[in-house]
Amino acid sequence: MFSKFIINPIFEAITNFSSNNAFCINEQFYSYEQFAQYISKIRTAIQSVHLKNTNISLVVNDDIETYASIFAIWLEGFAYVPLHPQQPVERSLEIISQAEIELVLDSSLKTAFTDISVIETTSLCFESLNLDPKMVSDETLAYILFTSGSTGKPKGVMISRKNAGAFMKSFGETGFQITENDRCLQCFDLTFDVSVQSYLVPLTKGACTYTIPHDQIKYSYVYGLLEDHQLTFGAMAPSMIRYLRPYFDEINIPSMRYSILTAEASPVDLINEWANCIPNAEIFDFYGPTEATIYCTYHKYIRKGNNKQLNGMLSIGKAMPGLKAIIIDDERKSLDVNQKGELCISGDQVTPGYWKNTEKNKESFFEMEIDGIANRFYKTGDSCYFDTDGDIMLAGRLDYQVKIQGYRIELGEIEYHAREFLTGQNAVAVAFNNQMGNTEIALFVEGILNNEPELLVHLNSKMPFYMIPTKIMAGNLFPINTSGKVDRIKLKNQLT
Amino acid sequence: MERTEITNVLTAIFRKILAKDTLILSDNLTANDVENWDSLTHMLLISEIETEFSIKFKLKDLNKMRNVGDMIETIISKL
């Protein structure tokens, strides 16, 4: 799977399109030929180190060495564990310790890691091509991404070579026609898995990947790339598009062929406006937790049409080819149409589990027989239902489902009614515990709010009393986390 | 408005928005050099600068600003 859908296609690109650009990084182009040389020099250096563990940490500076390191690691049959250079060193050390890392690849001018073997990849010199892949099992890991865990310690999601290969196979079958002439955006942190789609899809086709330097302001730099290089394909988070919204009248990117919205729910009103900026593009929403490898369901947006939505958010559509989606209740019973429950996913893209975390693995995966075949499902934690066409409607996170005075409340519904009133201003509802230990709801409004009393009247006219926020906070812009989503934790912290 | 005067006004805005009382602006300063200077605070900086100087940036202007020096030049061109 991994060889067929990832390694071999990239070799073909290196062979057939050697003079094509593979990357545009900080306004500098690197051809496929050069990229192969970077991979080779790093791989040779890795081979000179004796390793017991197959996980290698990579400081993700988003330069050519960083991307080449990923493939050097894969050719050796190892897995990469990204470390963000802007995250606290302490967190990186925690990840290094958990994943039992013995080697760090670092392209920084001065590495922050001292008590561990480090290969400083910028100081290596290319001697000869070294690209023959080591044959390893598809069960071997390709990468481990550490995400914040509820216990305060980061937890690692293991993605096997089979998972990654299955994703590329499935994504290919959804009908995207990417060729060596495409120019593709990679605007996600390498610690977040949409980045993997963003570099793999172009590289397996001989196309060029355009990245964002860490020292640049993301949204304006992305616009610059779209406009100056006439990009044709890109995945973006709705939150980033929202930053561009005040400038939509300046944005016209006719070159854009495919625009993917992902990482969080897609507000239909925002996409309606975004669609005008990219008049020739097909627009898709892709949904997926890291545990099911990047994306697992998708839905095509219909221009000037009626788009299925729930609480103002576009439907996440149907499972991608090769995956199964079911919705279950608290007793793990599969639910019928229009019944809300937890979305669960099975198929080759589902992670073998969390790194050395038996408890979490027990909690998050289960087996269920469907038509005589045993399926292993991952519980996404997302509250969803199937409509009568079998399209999945996303109601929000189960963790955003809170109980107040015994009533079960979807924070997404409160946000929907608030946004409806605010027309274009973003709003996020957060549950918090007051001094008495009771749960209350706070509503954060992005930017200035001149009409709070009217907003409350509106909310009261739409929802029962127990759903009305007891606190309204406005004035600031919303913080965004490293995955490009509104940072609800930071918002919540503003309450204390 | 003189360049130094603009720098002084900018310094005050930067110190306030980024909550850094001792921040010194130089032409080569980029978002990478200052903790907190991210997409969110950048947006706040831009809107404060727009109000203070009574100017309006285009997205094209923002995209060209790679450091504080570029920012000052853009402001001068708008005044």
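Strand β14 (residues 297–300) of chain A pairs with β17(A) in the antiparallel sense, over two bridges. Within β17(A), A:Lys318 is the bridge partner of A:Tyr298. Helices (H or I, at least four residues) and strands (E, at least two) are DSSP runs, numbered from the N terminus; two strands pair if DSSP finds at least two bridges between them.

These strands belong to an open sheet of nine strands with mixed pairing, in the order β2-β1-β10-β9-β11-β12-β13-β14-β17 (chain A). At its edges stand β2 (28–31) and β17 (318–319) of chain A, each with a single partner strand, so one side of each is left without a neighbour in the sheet.

## Basis of the model

The model is predicted: local features need pLDDT of at least 70, side-chain atom pairs count only at pLDDT 80 or more, and totals for chains, interfaces and linings use all residues. Residues are numbered from 1 along each chain as its sequence is written, while chains are lettered from A and ligands numbered from 1 in the order in which they are written.

## Two packed helices

Helix α2 (residues 32–47) and helix α3 (residues 64–75), both of chain A, pack at an angle of about 60° with their axes 8 Å apart. Axes are lines fitted to C-alpha atoms, for helices over the stretch in contact, and angles run from 0 to 180 degrees between N-to-C directions. The residues that make the contact include A:Phe35, A:Tyr38 and A:Ile39 of α2(A) and A:Ala68, A:Phe71 and A:Leu75 of α3(A); residues are in contact if their C-beta atoms, placed from the backbone, lie within 7 Å.

## A hairpin

Strand β22 (residues 373–386) of chain A and β23(A) pair antiparallel over five bridges, and A:Gly396 in β23(A) is the bridge partner of A:Ser383. Five residues lie between the strands of this hairpin, where A:Gly390 takes a positive phi near 85°.

## The three-stranded sheet

A further open sheet has three strands in the order β26-β27-β28 (chain A), with mixed pairing. Its edge strands are β26 (427–433) and β28 (471–474) of chain A, each pairing on one side only.

Seven bridges join β26(A) to the antiparallel strand β27 (residues 439–445) of chain A. In β27(A), A:Leu443 is the bridge partner of A:Ala429. Helix α11 (residues 411–422) of chain A lies across β26 and β27 of chain A and runs at about 140° to β26(A).

Technical notes: Contact = placed C-beta atoms within 7 Å.
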